[in-house]
Amino acid sequence: MSESVEPIQHGSLLHYRPWQGQLEDDSRWGVFLFVGVQTVLFTVMATISDLHWLRLACILLFVALWGLVVRSRAWPITRVALLMVFRRKLFWVIYTLAVLVFLLFFFGQYLMSWALTQFGETEVRVGGMGRANPKFLVDLFRDQLKMNGSAEMFRNFFWYEGYTVMVILALAGSILVGNDIRFGSLAFYLSKPISRWDYLIGKGLAVAVFVNLITTIPAVLLFVQFGMLEDWNYFLEQSRLLVGILGYGLILTVTLSLVLLATAVWVRKTVPLIMTWTTLFLFCRLLSEALVNNLQFDPRWRLLDLWNSTMYLGHLCLGIQETQIRPWPQPAWEETALVLGGVCCLCLSYLILRIRGVEIVT
Amino acid sequence: MPELLDSADPGRRDRHLGQMQNPSEMPKAEGEVPHAELPLSRERKDQPLLLCQRVSKWYGPVLGVNQVTLELRSGITGLVGANGAGKSTLMRLITGHLRPDLGQVSIFGIDAWSAQAKRLVGYCPDVDAFYEEMSGWQFVEAMARLCGYSRTESRRRTEAVLHRVGMANRSDRRIRGYSKGMRQRIKLAQALLHDPALLVLDEPLSGIDPVGRAELVALFLELAEQGKCLLVSSHELEELEKLTDHVAIMARGRIAAVDTVARIRDRLADHPLTVRIDLRKNGGPLANGQSYRHHRDLAAQLLAEVPEVCGVEIVDSPHPLVGRLLVRARQAERFFVELNRLVLDECYEVIHLETLDSSTQAVLGYLLRK
Amino acid sequence: MLANSTSEVLIELERVSRWYGTFQALDEVSLRIAPGRVGLLGPNGAGKSTLLKILLGLLPPSAGSGRVLGLELGRAGTNLRRAIGYMPEAESLIPGLSGADYVGLAGELYGMPRRQAMRRAHEVLTYLELQEARYRKLEEYSTGMKQRIKLAAALVHDPPVLLLDEPTSGLDPAGRDAMLELLRVLGREHGKSLILCTHLLGDVERVCETVLILHRGRVLRQGSVAELCASRQDRFRLQVAGDSSAFGEELRQEGAILIQNNGKGRLRVAVPEGWNPRTFFVLASNHGVTITGLERDDETLEELFHRVLREADTPVPRVLETRHV
């Protein structure tokens, strides 16, 4: 960008200046390449069993590659969407709740390992019942609370954070997509040299940021913290768990972003969106629980409950034994995956249909 | 549409007057058209149709209109001014949607805020606020029912007004799919429902295609001919000029001038008229043996002999045989009399005579720049 | 990248048609538009918006082919939109963003690097005299500012062609003047080609060199205003002060035909051959009337528009219409 020296004229500031830069061409291949590479990496890290170092490398590469998203054509759309939501005070209030859950686990782990170092081998009296080894007590306590860096700990963490995710998404949905349709911003985006896919990817990325900001990222932090507190070998031995965390996050992200975008395009305004969202996730949940738990219907009725389906698949990702999964019984995981995939496809086709119908030139 | 404009029918008008003389016998029957109760006494007929007396309106600390005085009796009046000058506020005050904070708005002497006055005023708002799921017909009929007409009467009136605005064959479609022009027509139709004496139209021509605009202009002129009084705001001054030469110019919440455009132009003493005169340079000899004189002579003569002229500029003309003058002059009337005299006595062949800055556009520009 | 913008032809369409189901919005439109300022006129349903969508690559043509700046229609969807700066009619703002962010976002979406986009956004905003408002939120903007920020978003990547859909809608007279002046300067001094789509014929007259009249999916006329409008040597528009009825009567006796007298001193007359405009002054002085305006009554763009539509709707023999030409 070299501008030639020109003589200063009167009012030259108000003069129109041409722009000499180059406009970047968009290439579809970048997206395909990205998706391909990430899929391969994920498959490799999920299937490797003994090569811990390789798995860890794959994980690191998988995470690092997400940084490339910033270079994508859809990123400006995501950035603006995030900016809009970050400006809301309510978002920060709810996000604080999510952070509190994280802090509970974070300091819980500290507390436990601190307690362990403090007691040593001396025995202590326990309420007149007898004597016990404090290390044994703390370990017992720790395992009961699942503050032990196991799959169950992360299951619990995801479980608690799930509520805040739901609330935040319900709030963010109308800001992310509903407003674009209501105020005609969609015409602005689509009249630019981007395709409708770029728009959808951009908005989907924004939802992904919220979901991962609350679930995956803190979970990974907890994983790292536990490894540092306990034993460095934890990273290698439990790297399978890290894949599970990422997988769980991925399932949540894909499902929730598609369902959210579809509902937000459909109802547009905040309050109806929250109502629809509540119906979809809370009412269906209560209904399926009542049917399966109380009325002893076929466990397939649980497929009504999208939230349960994502959780169930997520638990399987984390590698939790069937006996540990609650609620139980569940339908076969293939069925659940099929239903969830079907819902995602349905949402996607609805989105494409609706966005194709937008009139840019009136 | 004779069946709609029943009050244009003299027999009907007499019935109103008759009822007024016996107010206690005012009909309350279900089927009766509410506006037949209208008290239009002879004294009230003498009062101006619309009278705004030093009206001011605030929205919280924001001033909407400021000490506006306006009197309308008949015909079409254009309301022009910049965005935010208070046009829409004034219109809403007149239609009784807003109550003035100071001053008084009256329709035939009745306070515009009252329900009685509202029956005399039809309003076509500038914003699109419809029940989008309704068809045009349903919407207008619902408005008719809100006016208090019986079901059959509502239907009759709806049909009549829709026909009148040229929507009769398109009114069964949902409003959601209407174009801007069709929306404007539906708004106009609902304003005409109760056959008001005063029609207040806020930006009725905006966003309509030229064909539709020509039709609406014709319709407005026809309504005015039938004795309705129209107050029309518009940004499209060319269109407004086709409708009327009587305008009220608003600026910063005040009415800067109400008059015909020509007279307002005359009163702008600071801005002399710019008149373009094209003369043929060397035409053939006249019948009496004289030949045409040069445009420079006219320039000299104008400067020397006509006191109203304050400047003459000889400009290049696109044609070699045509001389062009730009004359700056005050007091249009006297100037033109003098010019006519010169042209006749001194043998100039004027082929083009045009005042460049007497349009509404120019007048508005001068007034607002002051 | 952008095609060579100095090419002779801006838009070239060859028998482009577009159907929506059985409804034909464009009917074998063939066009060649040279770079310059073009007004696109047509009543509702003329196919204007379909044409715009095809030019913007939002719709492929059902049949036919064409090029905009050398880019093939129907194939180069996003590239077309990158070559064209489009200012939509709808209020396509993003509430919550500031003016500078909005224009910068537009620049990024057009494919500018982020920093360049921000720098360029400020430059364009300054040029459009929005520098004071650029950090304010878009929803606080006035109508005039909203129109200008939309123009800024179309101008940010410095496109050779601007496609403007109703750029003056909702503007007050002063705002409209300013916008039209801006467009004229952009076209005349900065070499931008403009395609101006509007219902306001006055806008086209003030900005455009050529007009294109579209009706029922066909191009009815294309050319400069002066070429298309009939020049009428034998008709005059008069503006008189004083009682015009007697004056009009006398004109009639002299062989002139009074086409219109609006009763407020505005007359249109058709005069016989060899008529000297001086006669008007002579006759006027006989009746104590002053002539304050005298113009040849050439066809205006508006009259042309209505005439062309009428001709298209009722195919009359053209012989009748050439009377005034």
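Predicted model: local features only at pLDDT ≥ 70, side-chain atom pairs only at ≥ 80, totals over all residues.
The meeting of chains A and C draws 38 residues from chain C and 30 residues from chain A. On the chain C side, four helices each supply at least two residues: α1 (48-55), α2 (77-83), α3 (99-109) and α4 (114-127). Of these elements, α4(C) gives the most, with five residues. Sorted by class, the side of chain C that touches chain A has 18 nonpolar, 10 polar and 10 charged residues.

Chain C also meets chain B, in a contact that takes 32 residues from chain B and 35 residues from chain C. Here the side of chain B that touches chain C receives at least two residues from each of α8 (210-225), α9 (237-243), α12 (332-346), β14 (350-355) and α13 (360-369) of chain B. That side of chain B counts 15 nonpolar, 10 polar and seven charged residues.

Turning to domains, the assignment for chain A gives domain 1 (25-71) and domain 2 (72-356). The C-alpha centres of these two domains of chain A lie 21 Å apart, and their contact takes 11 residues from domain 1 and 11 residues from domain 2. On the domain 1 side, α1 (28-47) and α2 (52-65) of chain A are the elements that give two or more residues. The most come from α2(A), with four residues. The residues on this side of domain 1 of chain A divide into six nonpolar, two polar and three charged.

Chain C is likewise assigned a domain 1 (11-229) and a domain 2 (235-297). For chain C, 44 Å separate the C-alpha centres of the two domains. The C-alpha trace of chain C spans about 75 × 50 × 35 Å along its principal axes, and the chain holds 12 helices and 14 strands. Of the 325 residues of chain C, 50% count as buried. Among the contacts in chain C with a separation of 6 or more, 68% are accounted for by residues 24 or more positions apart.

Two sheets of chain C can be followed strand by strand. One is an open sheet of four strands with antiparallel pairing, in the order β2-β1-β4-β5. Its edges are formed by β2 (23-33) and β5 (71-72) of chain C, each with a single partner strand, so one side of each has no neighbour in the sheet. Strand β1 (residues 11-20) of chain C pairs with β2(C) in the antiparallel sense over seven bridges, and Leu13(C) stands opposite Leu31(C) in β2(C). Helix α1(C) lies across β1, β2 and β4 (63-68) of chain C, running at about 120 degrees to β1(C).

The other is an open sheet of six strands with mixed pairing, ordered β6-β7-β8-β3-β9-β10 in chain C. Pairing on one side only marks its edge strands, β6 (84-87) and β10 (218-224) of chain C. Direction ignored, neighbouring strands of this sheet are turned by 15 degrees against each other on average. Strand β9 (residues 210-215) of chain C and β10(C) form an antiparallel pair over six bridges, with Leu212(C) opposite Gln222(C) in β10(C). Helix α1(C) packs on this sheet as well, touching β3 (37-41), β7 (161-165), β8 (193-197) and β9 of chain C, and its direction makes about 150 degrees with that of β7(C). Helix α5 (residues 143-155) of chain C packs on the sheet too, where it touches β6 and β7 of chain C at about 165 degrees to the direction of β6(C).

Helix α6 (residues 151-164) of chain B has 14 residues, which at 1.5 Å a residue should span 20 Å; its end C-alpha atoms are 20 Å apart, in agreement. Its buried residues are Ser154(B), Arg157(B), Thr158(B), Ala160(B), Val161(B) and Leu162(B). These buried residues of α6(B) pack against α5 (136-146) and α7 (180-192) of chain B. Just after α6(B), Gly166(B) takes a positive phi of about 75 degrees.

Technical notes
Residues numbered from 1 in each chain as written. Chains lettered and ligands numbered in written order. Contact = placed C-beta atoms within 7 Å. Nonpolar A, V, L, I, M, F, W, Y, C, P; charged D, E, K, R; others polar. Domains from an automatic or database assignment. Buried ≥ 20, exposed ≤ 12 C-beta atoms within 10 Å, placed from the backbone. Expected span 1.5 Å × (residues − 1). Pairing = 2+ DSSP bridges. Axes fitted to C-alpha atoms, helices over the stretch in contact; angles between N-to-C directions.
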